[in-house]
Amino acid sequence: MKKSILLITFTWICLLSYGQKEIKAVRTTENIKIDGLLNEAAWSEAPASDRFIQTTPDPGKASRQKSEIRILYDDKALYVGAILYDTAPDSILTELTLRDNAENDDWFGVFLNPYDDGLAGTGFSVTAAGVQLDGRFTPEDRDMSYDLVWASEVRIHDSGWTVEMRIPYSAIRFPKSKEQHWAINFIREIRRYREESWWNEVTPDGPGVLTQMGYLTGIRDIEPPLRLSFTPYVSTYLDITSDPVDHSLKSDERINGGMDLKYGINDAFTLDMTLIPDFGQVEFDEQVLNLSPFEVRFDERRQFFTEGVQLFNRGDIFYSRRIGGTPFYRDEVASQLKENETLTSNPGRSQLINATKISGRNSKKLGIGFFNALENRMYATAEDEQGRSRQILSNPLTNYNIIVLDQALKNNSYVAFINTNVWREGAAPEANVSAGEFELRDKTNTYSGRGGINISQHYYPGPDNTELGLQYWGAIKKISGNFQFDLSYFVMDDQYDQSDLGFQLNNNTREADITLSYNIYEPKGPFIRHLNDINISYNRLYNPNALVSWNISAFHLTTFQNFLTVGSRIYASPAGYNDYFDPRKEGFFYHRPASGGIFAFFSPDYRKKFVVDIRGGVDLTEEKGRWGFFANVAPRIRFNDKFFTTFSWSQNRSYHDVGYATFWEDKVIFGQRNQLTLTQTLIGSYIFNNKMGMRMKLRHYWSKVKYFQFYELLSNGELAQTAYSGSDSQGEPLHNTNFNALTLDLGYSWRFAPGSDLSLVWKLSIFQSGNDLPLDYFKNLDLLADNPAFNGLSLKVIYYIDYLNVKDAFR
């Protein structure tokens, strides 16, 4: 009984302290050795703070294990010491991973927001295996691509484990003032309980981590340091392309060098620059067979374009893959060949000369961002029958520019403006897009009103050379509590185009959308949580003002006490879908039949050494025989704390689907087709220690499409019989497609010094595309083996140089 009363009292004390907790930092002159022991006298002089509160699985309750935090500081760094008590230290989970990843681990972290504005924070975390994680956080996003330089050590002992961190002031931004008042929070993950707890309570139904932080006091008389660092690199490549048909080998050797520079202009603003960047070791894109009229969006994997770009994501008009992407004229080069010429080279990527970004937020809470990148001219090479070659311009000199202004307001509200501009040399078109957006929240961060307006401008040579486009939207949302909603309206006219430096599937659309959700986070009976939502959307074309579709969907997710998670989504388009984009011709649309389906998934407890994720779904239409399904099985095996692998097998099938095939005699031809897609991905990692490891990703994507009937698409959206056969003069099918993409990324990385890495990477790729359809999977592999294979081996070394360390070394 006494224990119950004490537990209830303890929990209520924690709850009453929500949003008010403070921890005081103590100045030290002692040399703090980062060894995880916390045995310096200064640690005993710092006041301890404890009482962590669970966010999951039991929100609002005290953590099952005690944690004590202490903070020290001096003129150069902040020191964090944590004693993470554990009644079963042999149960602390310590899986080794690559940096910035936590899998089956206990871990601890500190989140800092020195400006206490609720808009941006920096996190420093470390697992019980000693693996570091760091990142920047905003209310909308988290960026784990940051690679900050700081020190940490952990020790596991009979009472639990300890963490010791040294965070240099050069790794964070803070205001220039005599006395600092920072927002701060600490997080602890006890993996065997799947428990996430925070020092200052973070409610799962609240408006986010950054608005639920405590305070760090006691720091006085520190100066923002000169933040200046250089990261030069040198890399060497050996690329070999082998052709099994003619048994030829082509090799290319090259050595590259360049440098990244980071400079703190003042306490709030930072300049980042990359000179002659090298992205050759970046993981392959996951290529797919695209039958749609829309572009495929690929993830950004280049660190310079993922690190510190949250400010540039305002307005959603920046897609960094445009920079250093496909040369502007690449697809037009073939049309410039003379009668007796063939292409001997046509580069698939533009060369980036340099890129620069400046970002920060001043004392008036105005965020300012500037981005600039310059692409070089690129040329394809043509050769005639006499062996004479000439160059054909495939990419003009191109400059990309972005400016952002983001004013923070009360209650974590903001108003922002962003402009992107693309300038191209010569007669190539230029583009300019401007976007303004805002969010206004009430005092309790319960309700939010958002909206925005975008204007696109394109400039072409000649008279009447400007095209203007408009996009605008608005939304009213309830953003905290068990019950939440989102009401929105979105309009994009038929001239709006942000695709020169942004991503855009299509324009010419109107959409009204409502989402209602009700989530239960408190455990009850066999359940830990329930997530539920229902969504209704109504879509029309902008010009002409015509119905496209209306859709309804419902989602449910449940997590059980054994951490098994199951979920499903049911969806339907009861009136069908008037597709104005697949015909690729103005004034035409195809009326797709009413449809619906269900998607479900099953995900076990990842703490187990072997688990299998299962996903699947069925799409149905009102037309007999026209349907499809999706299935995915993904086993995960953790052999030990160093060796982990996962395999994903997916199959997509569609039967009697109908879509665009070609134009014939000025008619739009649609085809009825069956499609099979198999995707297999094997990912494995072997981690030697917290600074060295290997990772492999092997992916095979195969998709084949067989057409068996063709129709003429009429302007009323219906299909009619046609004389078009879909075959050439020899009777061979023209539209059947067999596509393969086999890629391998195998890399070894070693952090041999703070911020400094050596990486050795082997890349293999084989691509195949044709009209011959193999009978089965193994026949397809034979077909794939007859295509040229690319093998690339590269070694890259980067070295981090901090100006302050160099300066101290020469004193």
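Guide: Contact means heavy atoms within 4.5 Å. Setting aside neighbours within four places in sequence, S320 has contact with E300, R302 and F305. This is a predicted model: local features need pLDDT of at least 70, side-chain atom pairs count only at pLDDT 80 or more, and totals for chains, interfaces and linings use all residues. Residues are numbered from 1 along each chain as its sequence is written, and side-chain values use heavy atoms, with hydrogens and water left out.

Visitor: Why is S320 called buried?

Guide: Its relative accessibility is 8%. Buried means under 20% relative accessible area, exposed over 50%, partly exposed in between (1.4 Å probe, protein chains only), so S320 counts as buried. S320 sits in the loop between helix 3 and strand 17 (341–345). Such helices (H or I, at least four residues) and strands (E, at least two) are DSSP runs, numbered from the N terminus.

Visitor: What makes the link between the side chains of S320 and E300 a polar contact?

Guide: Their separation is 2.6 Å. The term asks for N or O atoms within 3.5 Å; within protein, one must be able to donate a hydrogen and the other to accept it, and residues adjacent in sequence count only if both atoms are side-chain atoms. The S320–E300 pair qualifies.

Visitor: What makes R751 buried?

Guide: R751 has 14% relative accessibility, so it counts as buried. R751 lies in strand 41 (residues 737–753). The side chain of R751 makes a polar contact of 2.8 Å with the side chain of D757. Beyond four places in sequence, R751 is in contact with R99, D147, K691, S756 and D757.

Visitor: Why is I156 neither buried nor exposed?

Guide: The relative accessible area of I156 is 43%, so the label is partly exposed. I156 belongs to strand 9 (residues 151–157). Its contacts, not counting residues up to four places away in sequence, are P89, I92, T94, A128 and W161. I156 and T94 stand 62 residues apart in sequence, with 10.0 Å from C-alpha to C-alpha.

Visitor: What makes the peptide bond from T56 to P57 cis?

Guide: Omega is about 0 degrees there. P57 is in the loop between strand 2 (53–56) and strand 3 (67–73). The bond from N543 to P544 is also cis, with omega near 0 degrees.

Visitor: Why is a group of residues called a nonpolar core?

Guide: The members are buried Ala, Val, Leu, Ile, Met, Phe, Trp, Tyr and Cys residues joined through side-chain atoms within 4.5 Å. The largest core here has 36 residues, and F108, F124, M165, W182 and F186 touch the most other members. A second, separate core of 23 residues includes L311, F371, Y400 and V433.

Visitor: What makes the ring pair of F111 and F137 tilted?

Guide: Rings of Phe, Tyr and Trp (its six-membered ring) pair if their centres lie within 6.5 Å; planes under 30 degrees apart are stacked, over 60 edge-to-face, the rest tilted. F111 and F137 are 4.9 Å centre to centre, with 55 degrees between the planes, hence tilted. F111 in strand 5 and F137 in strand 7 (residues 132–137) are 26 residues apart. F111 also forms a tilted pair with W198, at 5.3 Å and 50 degrees. F111 and W198 are both buried.

Visitor: How many bridges join strand 34 to strand 35?

Guide: There are 8, and strand 34 (residues 595–603) runs antiparallel to strand 35 (residues 610–621). Two strands pair if DSSP finds at least two bridges between them, so these strands are paired. They form a hairpin with 6 residues between them. F601 has R615 of strand 35 as its bridge partner.

Visitor: What puts the charge of R64 over the ring of Y193?

Guide: The rule wants NZ of Lys or CZ of Arg within 6 Å of the ring centre and within 35 degrees of the ring normal. R64 lies over the face of Y193, at 4.5 Å from the ring centre. K796 lies over the face of Y233, at 4.9 Å.
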